[in-house]
Amino acid sequence: MRKQLRIGILSILCILVLTACEKHQAMLPSLQVIGDLEEWISLHEEWGKLDKSNISYKDATIEAVELYDFISSYHVIYPSFDVILKAEDGFMVRLDGDTLRDTYIGYATQNEWVYVSEKHPVNSSIKHIKEIIIVKEETEPPNHTKGLNIIHQDKTLHLSMGELLTQTYQVYPYHDGDTSYEMNGETVSVRVMQEKKVIPLTSIITDDRHHLLIMNEEGQHRYATDVEGYIDIGQNQVNYMTQDGCTYVRDIKGLMVNPPNHSVMDTYYDTLHFLENNEKVLILFLDGFSYAQYSHMKNHLPHLFLSQVEEVQKASTVYKPVTNAGFAAMITGKEPYVNGVVDRSYRELNVASIFDKAEALHKKSVLIEGNASILNTSVKPILNIDHNKDGYTDDEIYHTAAKTLLDGSHDLALIHFHSIDEVGHRVGHIHDDVMAQIQVVDHYVQGLVKDWHGKVIIVSDHGMHDTADGGSHGEFRVEDLMVPYIILDGGQ
């Protein structure tokens, strides 16, 4: 009986201790760790899970974590970074990330979250910290997958999340909705507002603004003439808001200032226009052929067929600038958010393609591909394998196209060449090997255009940028998003 009583008392004490711990945990004031991290952290929520040390702080012993190891364990995006400690009263200190070893963030009852360092001046001993902001060093190259990208005048301006958080901001009373309550037969309405800290776009882009093209992670494309809008940062994502607050685009990947007048989506509408006017259309799809490559080719290889074409337009492609999304936008005329093909993992179209429209007009179509089908369309593609083992299927595609189109029975033909993209991935986007391959494809293009009796549209799905080991694409940057767009008459 006495043993059972002791066990009962111990159980009650354990419950009381655990309850007290949980209460203490719940009472910790908020401390957010934000900026150039893969994931933002609520330190007050993570505190109970961390391995902590006991350190001396103002004649007391407090629990603390070593700051550098703590931050590094949460995947900082950039190798070199600074840390800004921001207190409740607005006082801030900025510390070089390389000097943070053997310094601590701890919790003291009276001063709440505190920074403890014997390596920095005394005014770094900040208390009542509410935010820790990680900011990349200026010398670090940009990571276009996080933060805000702005394409303006053929350049890409990048601001990381940490850099955005250090910009001058305004407080904006955002209308978040209305609620109503029925009382004594009357409706009482309340306007719900949310305070947002926003960055005026005019503080980032200071000249030559007329209109914007905004693209987000879901493949939405929004054109805006309100260049006085705002950038809103929250939950580790960047959002765009018009000046009147009526348009709010979440998780944007970037903005184009004064975007080109043409888009790869024009392929659909131009093709449909020609078909409806009983003109045959040949679409030559040059995978990965960027506008930068076209410009380089025109300047350095002026004898090529494509270099001598007069009406070459710059066009934007869609986000994400990868083959499936660009191809789907070409043949549907719709942005990825609408056509359903957002990235490489999508193959099904949510809307009708130009092949469906051609069939409705009783037109005969053909799609000639490499060794695999990219999208599921109403036209089964003619596939080509690398018979001669030269590493590419473009020569086989060319010969199949020339043979297939010889009888002139097709009203719509789409020929997809792949090798410019394949070489670009291996060596980079402006490389002698890429230029040599462009010359090969140029020969194919010239041959097909010469024998086609109708309109020809030459377009690409995306561009390419250089990497440490070759080339890549899929980011919101000018090299990936600008492509040439050409319409000409066949038979030349």
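In the predicted model, the buried residues of helix α10 are covered by elements that include strands β23 (365-368) and β24 (412-417) together with helices α11 (419-427) and α12. Helix α10 itself, which runs over residues 394-404, is mostly covered, with 8 of its 11 residues buried; these are D394, D395, E396, I397, Y398, T400, A401 and T404.

Helix α12, one of the elements that cover α10, comprises 19 residues, 432-450, and the distance from its first C-alpha to its last is 27 Å, close to the 27 Å expected at 1.5 Å a residue. The buried positions of α12 are V434, M435, Q437, I438, V441, D442, Y444, V445, G447, L448 and V449.

At the level of the whole protein chain, the secondary structure consists of 13 helices and 28 strands. The radius of gyration is 29 Å, well over the 23 Å given by the globule rule for 492 residues, and the chain is therefore more spread out than a compact globule. Along the principal axes, the C-alpha trace extends over about 100 × 65 × 65 Å.

Of the 492 residues in the protein chain, 52% are buried, and among contacts between residues at least 6 apart in sequence, 66% link residues that are at least 24 apart. The accessible surface of the chain amounts to about 24,100 Å², with 49% of this area belonging to carbon and sulfur atoms.

Conventions
Residues numbered from 1 in each chain as written. Predicted model: local features only at pLDDT ≥ 70, side-chain atom pairs only at ≥ 80, totals over all residues. Heavy atoms only, no water. Helix = DSSP H or I, 4+ residues; strand = E, 2+ residues; numbered from the N terminus. Rg over C-alpha atoms; globule rule 2.2 N^0.38 Å. Buried < 20%, exposed > 50% of the residue type's maximum accessible area, 1.4 Å probe, protein only. Contact = heavy atoms within 4.5 Å. Areas by Shrake-Rupley, 256 points an atom, 1.4 Å probe, with all protein chains shown as cover. Expected span 1.5 Å × (residues − 1).
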